[in-house]
Protein chains: 2
Amino acid sequence: MSKRMKISAPATVANLVCGFDILGLALEDPCDIMELECSDEPGLRIRHTDNYALPVVPELNVAGAALLALMEELQEPVGFDLTITKCIKPGSGLGSSAASSAGAVVAANKLLGGRFSGMDLVRFAMNGEKVASGVKHADNITPCIYGGVTLIRAIHPLDIVQLEAPPLHVTVIHPQIEVRTSDARQILRKEVQLKQAIRQWGNIAGLVAGFMKKDYDLISRSLEDVIIEPVRSILIPGFAEVKQRCIDAGALGGGISGSGPSIFMLNRDEETARKVEAIMKDVYEKIGIDYKTYVTKVNMEGVKEIRD
Amino acid sequence: MSKRMKISAPATVANLVCGFDILGLALEDPCDIMELECSDEPGLRIRHTDNYALPVVPELNVAGAALLALMEELQEPVGFDLTITKCIKPGSGLGSSAASSAGAVVAANKLLGGRFSGMDLVRFAMNGEKVASGVKHADNITPCIYGGVTLIRAIHPLDIVQLEAPPLHVTVIHPQIEVRTSDARQILRKEVQLKQAIRQWGNIAGLVAGFMKKDYDLISRSLEDVIIEPVRSILIPGFAEVKQRCIDAGALGGGISGSGPSIFMLNRDEETARKVEAIMKDVYEKIGIDYKTYVTKVNMEGVKEIRD
């Protein structure tokens, strides 16, 4: 059995506009790189090669919390040295914490000969999300582990469904502002109008059917969020303009990635994805906020091993 | 062009547990029989051969209101004689008014050489629903016209999606009590908890995916309604017992058909559907409420012509 494992853990887009807390997809770019090594010395030691100044105490580190959950269930002494090179900026809304948690447990499971199921790994990784945001959500972890577009039908008990989808080109802009996940959760109303909820679940059903039928027009019509986006988008300057102009330029639709501040757009082809990127850049140039953009595709594999 | 048309218009199950206002399916049994005849005398005359004492003034009759909407858009003088033989009892929760409205406009469209689209017909038929319940809903009309399982993603503008599904055997019991659609709407809370809405849209997404993947287990797990059923089921004596015992006996799941009082259960095979029927009968025998049961399948054609 191998003693060392190097993996890449992809960024993910949670919520997918109307699918708050239940839908997510994995991106080919950006992704974190992690190296996990078995050690004769029991326990877990974490090292970061990036400059994000993240905690290295396992209990306070999202990858650490996930790995500790796995190690606890293992019920045999084991030692790991974990080296993390984060490329997904924490707080970007691109599933940075999920990539850390998911990457760590997938790597460990590979080193352990695959004794845990994908569902187990999601469960372990959710402990990392708890450390990051106080909530054990799975809508970034699931696509990060499985790849593609995933549905979390339920959390208790965990019910994960992989959704087929047509090829999608994804444009992402990460405006360099801070939106805390906990703040983004707090501003949501705890009650919603039944009328709006019905409209939302019509869109969710349409989006799922659109993905599975590979019907781009249906996907486009269904990418509407009448509940979360109207509230959260207030935290992201330029959001309305970006969205409208991207859709006018041919994007299928899009919205806030996770709890923001990143904005994503789904597109039929790379040419449109590039046009959309230019529009996004233009908006943030004018506003005067720094940004980073990605033009990428849906990652169909999830966390994967890198062989040097 | 034919001057006379005889059609059957199927009963339908709206909502499908978690899909309130957006999902519906058509049944093979029961169905209404309607005969429509072109006449040289302009206007619309309605005759009922059943004993339900429904109004025959076109504006007050659900089939009449639907036909009048079609005739108005036609913008040329036309005369129709409509004879309705209802087998779907009004107030059963099995889409009785939708069958009347949908049957009438589909028959007229066939006589007119098919000049209107399916979407047009849904639009016309919604005028019948308005007469019946005060609300222009489409979740019975759409499966009645198209057959199969249908999604109404949105009403304004109308967006209809046909969903593939595996073979389903449907058991229905209609306890002979009255639940008025308007009452069933009124008791619903106008606001729902976001937490519950999320659980509901996870189930809706799961149900749509389950139908399209032909995954009976996923369908079964997704047939859960945390918003409407807990409120409405109070109006239906025996509901909780019927549901629990049917699921224990192997039904995939089920719930209130439309706004009730009928209860439906989806099953993998006819044998289970028959077992479920026996359970339903047993519950209402004990309670002492008259009932009518159906063991049937999903109707894949919708309203169809009957050739004598």
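## Close-up views of a two-chain model

**View 1. Strand β8 of chain A beside β8(B).** In this predicted model, β8 of chain A (residues 191-193) and β8(B) form an antiparallel pair with three bridges. Within this pairing, Glu191(A) is found opposite Gln193(B), a residue of β8(B).

**View 2. The contact between chain A and chain B.** Chain A contributes 34 residues to the contact, and chain B contributes 33. On the chain B side, at least two residues each come from β5 (149-154), β6 (159-163), β8 (191-193), α6 (194-213) and α7 (216-222). Helix α6(B) gives the largest share of this side, with 13 residues. Sorted by class, the side of chain B that touches chain A holds 19 nonpolar residues, together with seven polar and seven charged ones.

**View 3. The two domains of chain A.**

**View 4. Where domain 1 of chain A meets domain 2 of chain A.** Contacts join 25 residues of domain 1 to 34 residues of domain 2 in chain A. On the domain 1 side, β1 (4-14), β2 (23-39) and β5 (149-154) of chain A are the elements that supply two or more residues. Strand β2(A) provides the largest share of that side, four residues. The side of domain 1 that touches domain 2 in chain A is made up of 12 nonpolar, nine polar and four charged residues.

Technical notes:
Residues numbered from 1 in each chain as written. Chains lettered and ligands numbered in written order. Predicted model: local features only at pLDDT ≥ 70, side-chain atom pairs only at ≥ 80, totals over all residues. Contact = placed C-beta atoms within 7 Å. Nonpolar A, V, L, I, M, F, W, Y, C, P; charged D, E, K, R; others polar. Pairing = 2+ DSSP bridges.
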